[in-house]
Amino acid sequence: MKYPTFIVAALTGLAAAALFEPPAAWAGPPAALVEDVQGEVSGAELMDYVAPGQVLKLGPDGAVVMSYLKSCRRETVSGSGSVTVGPGESTVEGATLKSDIVNCDASHAQATTRETSEVAATIVRSVGPDTTPIAQAVIYGASPIFEAKGRGTLIVERLDQPGERQQVELSGRQYKGRFYDFAGTSHPLTPGGIYAASFSNARIVFKVDAQAKAGPGPAVGRLIRLN
């Protein structure tokens, strides 16, 4: 299954949502991120987080792709049936499940924004001409997805080499009000580079994997959470 752009995928999600009731709200930390939805799927939409115990139901032409934040397990579930979200993998009834492991930083999924921001501030202050910044997270695509909710200025600045800096004014109209995808821009980051990203009061220092490619790819491997 190809990775659609957010525009195409959003239209698909809207079509499916018109046939089903909206997904229920679930308490507790998320276990996985829904990266693609095709056909008849109820219980979650594109780029929703899902929690353990949550149940998604699929029609005959339904398909959903979910990536688990801690196990880096990417699942494609298709066909009529249901899928129940677990802590690190799903169980299905009736539907067909295929899975693989993708590159993702499981430790980043467990860090709180406050913890990340405090450490990042210390790292940025300590950067000097003879020091190499220590990254708090790694992404495996050169076009990151930033989770930055609401309005504000997103700043992405390279730390290990001077001169590379991007500033994006977010209006609050990013996808679902919080996801901004660099895959939709012509400004990918440099593979192997170490960057600081900040938005509102949140900050993180991250590294782009040396083998990272620009453009779309598994969202869980490109995700930087700033909320």
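Which strands form an open sheet, and in what order?

1. **What you are looking at.** This is a predicted model, in which local features need pLDDT of at least 70 and side-chain atom pairs count only at pLDDT 80 or more, while totals for chains, interfaces and linings use all residues. Residues are numbered from 1 along each chain as its sequence is written, and side-chain values use heavy atoms, leaving out hydrogens and water.

2. **Confidence.** The chain has a mean pLDDT (the predictor's confidence in each residue, from 0 to 100) of 84, and 81% of its residues reach 70 or more. Please read residues 1-26 with this in mind: their pLDDT is below 50. Beyond near neighbours in sequence, that stretch has 41 contacts in the model, a contact being heavy atoms within 4.5 Å.

3. **The open sheet.** Back to the opening question: four strands, in the order E2-E4-E7-E8, form the sheet, with antiparallel pairing. Strands (E, at least two residues) are DSSP runs, numbered from the N terminus, and two of them pair if DSSP finds at least two bridges between them. Strand E2 (41-42) and strand E8 (91-93) are the edges, each pairing on one side only. Two antiparallel bridges join E2 to strand E4 (residues 55-58), and Ser42 stands opposite Lys57 in E4.

4. **Aromatic pairs.** Rings of Phe, Tyr and Trp (its six-membered ring) pair if their centres lie within 6.5 Å; planes under 30 degrees apart count as stacked, over 60 as edge-to-face and the rest as tilted. The model has five such pairs. Phe146 sits in strand E11 (residues 145-147), and Phe182, 36 residues apart from it, is in the loop between strand E14 (179-181) and strand E15 (194-199).

5. Ring pairs link Phe146, Tyr180, Phe182, Tyr195 and Phe206 into a cluster.

6. **Arg225.** This residue is in strand E17 (residues 223-225) and counts as buried at 19% relative accessibility. Its side chain makes polar contacts with the side chains of Tyr49 (3.5 Å) and Glu147 (3.3 Å). A polar contact is a pair of N or O atoms within 3.5 Å; within protein, one must be able to donate a hydrogen and the other to accept it, and residues adjacent in sequence count only if both atoms are side-chain atoms.

Note on methods: Buried < 20%, exposed > 50% of the residue type's maximum accessible area, 1.4 Å probe, protein only.
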